Amino acid sequence: MEAACKKSGRNPDDVQLLLATKTVDVGKIKQALALGETFIGENKVQELKQKAPDLINIAEEIHFIGHLQSNKVKEVIKWATCIQSIDRFSVAKELEKRLSRIEKVIDVFIQVNTSQEDSKFGVAPEDALALIEKVGKLPHLNVTGLMTIGLFSAESDRVRACFQILKRIQQEAISSKVVGPGFKHLSMGMSGDLEIAIEEGATIIRVGTAIFGERIYPDSYYWDEGL
Ligand SMILES: *Cc1c(COP(=O)(O)O)cnc(C)c1O
């Protein structure tokens, strides 16, 4: 992270490492937190529910970074301090309904499918601005950023292009004034592409494998609908 910041003239303090902790047990997560990390991200509501009670007082922030179904919203808002994966208005509306009942406001990011692969979640880039604007009007959701999963490719230019799309949408949202001053996060970059993401302006990188080692489940288990 430091090397990538140096290369692009960025301050390392402006990039936050979020530990992507899917499949990782609480003991290991606590070890990583003890080393000074403070942000964790979970993908599955079931895992969030299991682990969050043990981590809520240790982690500064617990983000939800997986695909969110409307019927799981109630459980997620008990634990998550930020939901990075808003990709359609229906789920935002359900969140608004639940949050207004408990008078809680939560930070959310809009997830954009910058690689345009069918297997990835996220709103299409051309529809992102409209979704940002609509979600931004919900009083209990605070739209503070954008999230994407870059293309899995050895061709770094094509990966970089994904991150540039996210940055462009951020700039469009700011210049067309559909967002408030709190809209500042670009959550992009994982174990394989975090350097490129930092060069393109990431403020949060989400790293699992490079810290915790290989997972036994394929990522499709976490990313594909219906699994
Ligand atoms: C698993 C996951 C990550 C981390 O991926 P690694 O390649 O293990 O670093 C980041 N973001 C999301 C949404 C994930 O599901």
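**Note on salt bridges, cavities and loop residues**

1. E155 is partly exposed, at 46% relative accessibility. (Buried is under 20% relative accessible area, exposed over 50%, partly exposed in between, with a 1.4 Å probe and protein chains only.) This is a predicted model, in which local features need pLDDT of at least 70 and side-chain atom pairs pLDDT 80 or more, while totals for chains, interfaces and linings use all residues. Numbering starts from 1 along each chain as its sequence is written, and side-chain values use heavy atoms, leaving out hydrogens and water.

2. The partner of E155 is R158: their side chains form a salt bridge at 3.5 Å, N to O. (The criterion is a Lys or Arg side-chain nitrogen within 4 Å of an Asp or Glu carboxyl oxygen.) R158 is also partly exposed, at 45%. The structure holds 12 salt bridges.

3. Which residue does E199 meet in a salt bridge? R160, at 3.0 Å, N to O. This pair links distant parts of the chain: E199 is in helix 8 (residues 194-199), R160 in helix 7 (residues 156-175), and 39 residues separate them. (Helices are DSSP runs of H or I, at least four residues; strands are E runs of at least two; both are numbered from the N terminus.) E199 and R160 also belong to a salt-bridge network with K7 and E200.

4. The distance is 3.5 Å, N to O. Both residues lie in helix 5 (residues 89-102), 3 residues apart, or about one turn. Their surroundings deserve a look. E94 counts as buried because its relative accessibility is 16%. K97, at 40%, counts as partly exposed.

5. How many cavities of 30 Å³ or more does the structure hold? There are 2.

6. The loop between strand 5 (106-111) and helix 6 (125-136) holds S119. S119 is partly exposed, with a relative accessible area of 40%. Its C-alpha is 22 Å from that of K167, which is 48 residues away in sequence. Q116 sits in the loop between strand 5 and helix 6 too. At 47% relative accessible area, Q116 is partly exposed.

7. Check the backbone at two residues. Most residues other than glycine have a negative phi. Q116 has a positive phi, near 55 degrees. T23 is not a glycine either, and its phi is positive at about 70 degrees. T23 lies in the loop between strand 1 (16-20) and helix 2 (26-34). At 31% relative accessibility, T23 is partly exposed.

8. I216, Y217 and Y221 make a nonpolar surface patch of about 330 Å². (Patch residues have over 30% relative accessible area and no salt bridge; nonpolar side chains are joined within 5 Å, like charges within 9 Å.) Y221 is in helix 10 (residues 220-223). Its relative accessible area is 31%, so Y221 is partly exposed.

Technical notes
Areas by Shrake-Rupley, 256 points an atom, 1.4 Å probe, with all protein chains shown as cover. 1 Å grid on protein atoms, 1.4 Å probe; cavity = no way out; pocket = protein on both sides within 12 Å on 5 of 7 lines; lining within 4 Å. Points joined across faces, edges and corners; volume = space filled by probe spheres on them.
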